[in-house]
Amino acid sequence: MSDFPLIEGGGSLVVAYRIADKNVLIVGGGNVAAQRIKSTKIADARVTVIAPTVNEEVQHRIKNNEVSWIDRAFQDADLDNADMVLTALDDHEESLRIGQLCRDRRIPVNVADVPPMCDFYFMSQHRDGPVQIAVSTNGQGPKLANMIRTKVSEALPPNMGEIVKQMGVLRAKVREWEPKIEQSEKRMGWVTRVCERWGLQNMARLTSIDNHEAFYATLRSYFEKNEIPSLQDVFPPSTPSIALIGAGPGDPELITVKAQRYLKEADLVVSDRLIPQPMLDLVEGELRIARKTTGKSDPAQDELLEWCLEGLKKGQRVVRLKIGDPLVFGRGGEEIIFFREKGYEPELVPGISSAFSGPMAAGIPVTMRGISDQVIITTGRGTKGSMPDLPDYGSSRTLVVLMAVGRAGDLRKILQDEKHYPEHCPIAWIENANCPEERFVLGTVANMDTLVQEQSIVAPAVLVVGNSVHALTK
């Protein structure tokens, strides 16, 4: 089997067609003609409109000397000096005839509303300075192309055009530094690596440079060493900030819009260890992940905070990325106090706690009339490894325990021996909730710890205890 991708036919050759100073003939004077004028004048074409009558917008272009106007119907001789022809007529037969004349003379032609007679289509465009984004449905859904274009343009930074202009300045500088044509691969490779390391959001900082001479002198020193500088190496320190962001259960589609934006814009992201890779892939700046320190959560936590503090002292925008919600058994409160004592006020961006998303993924309503009228959320690992103060059994109570896998045996003993939970009380282990590898294991209080061993249940996993476990399956 070939390693090369299958080529799918049926599309169009998508190119940026340069028609500056080319003679473009537009036959017609209505709304379509007005649209064609805008499309071709963007590209600096010499446009001539042929029509006995024109609408208000076309008349405006004529008065402003943006286009020439021949006040009559089309004649075959009008094609003599044409480099491109666009028909915008209500007369279908005449449009087809003009299209065929162009074909015979090998003049590129677009016949409005007749795709088979078009050598090319007009695409739905987004324009921001040098940036042009075009979407084509190959004549099958023009309105849908507009909708797609809108979605794409909304995802771009608001000053994308200016960012690209400054990128052009950077490329020109690199050509000055190394003008030899045989060094083009070095130039292109270096600029490409700069883009990849800084990321799209951070490239926007090119638009806010105050001292261009000093900035490009610094950049040149890295270019000559064929090294890629970090943002901190070339940009002046910005106002430091720290945000505590909830990553939710791990699915990138389940975080807030603000959280996603902050992850892209951050200079430094300091992440919990159990956050899935698809979430980390959103990060465009530097990423540091907690080390694996079995049974030593406090030293690991201290190191994460020191990493954040290090970034803040450099003037960086720092994100502390925490699984679930920062303030639901995420030690977020302790971190807020830590940063306040250092002179920084964290911004809080909530996340979905697995205490709720986990049971929901398993189809377990933690509250439901007639079955469960209260829910208690606790953790299997308290301060400095202590056991939690678990609640007494109540038939209408749901207990949700986070970080419970490593304490399953101890938790079972407390629930049965001290808190009077019946052996047959239903339980559910929910492993990797809302992730592709999520798994649900059902049982009872009596075998909740043996299930961990038999089914190889691993963290992150949520334990749900109570009659609500079977509320939707009876």
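Let's start with one residue on this predicted model: Lys314 has a relative accessibility of 43%, so Lys314 counts as partly exposed. Its partner is Glu310, and the two form a salt bridge in which the closest N and O atoms are 3.8 Å apart. Glu310 is partly exposed as well, at 34% relative accessibility.

What lies behind such a pairing? Side chains of opposite charge can pair when their charged atoms come close. In this model the count comes to 26 salt bridges. One of them joins the side chains of Glu224 and Arg220, at 3.0 Å from N to O. Both residues belong to helix H7 (residues 212-224), where they sit four residues apart, about one turn of the helix. Glu224 counts as exposed because its relative accessibility is 51% and the cut-off for exposed is over 50%. Arg220, with a relative accessible area of 34%, is partly exposed.

Now look at Lys225, whose side chain meets that of Glu227 in a salt bridge of 3.8 Å, N to O. Lys225 is partly exposed at 49%, and Glu227 is partly exposed at 37%. Salt bridges can also link up: Lys38, Glu57, Arg61 and Glu66 are connected in a network of them.

Leu144, Met147, Ile148 and Val152 make up a nonpolar surface patch, with about 330 Å² of accessible area together. Met147 is found in helix H4 (residues 142-154) and is partly exposed, at 46% relative accessibility.

Not counting residues up to four places away in sequence, Ser95 touches Thr87, Leu89 and Val111. Helix H3 (residues 92-104) also holds Leu101. Leaving aside neighbours within four places in sequence, Leu101 is in contact with Phe74, Asp76 and Leu79. Leu101 and Leu79 are 22 residues apart along the chain, and their C-alpha atoms are separated by 8.6 Å.

Just after H14, His420 takes a positive phi of about 65 degrees.

Definitions and conventions
Residues numbered from 1 in each chain as written. Predicted model: local features only at pLDDT ≥ 70, side-chain atom pairs only at ≥ 80, totals over all residues. Heavy atoms only, no water. Patch = residues over 30% accessible without salt bridge, like charges linked within 9 Å, V, L, I, M, F, W, Y side chains within 5 Å. Areas by Shrake-Rupley, 256 points an atom, 1.4 Å probe, with all protein chains shown as cover. Salt bridge = Lys/Arg side-chain N within 4 Å of Asp/Glu carboxyl O. Helix = DSSP H or I, 4+ residues; strand = E, 2+ residues; numbered from the N terminus. Buried < 20%, exposed > 50% of the residue type's maximum accessible area, 1.4 Å probe, protein only. Contact = heavy atoms within 4.5 Å.
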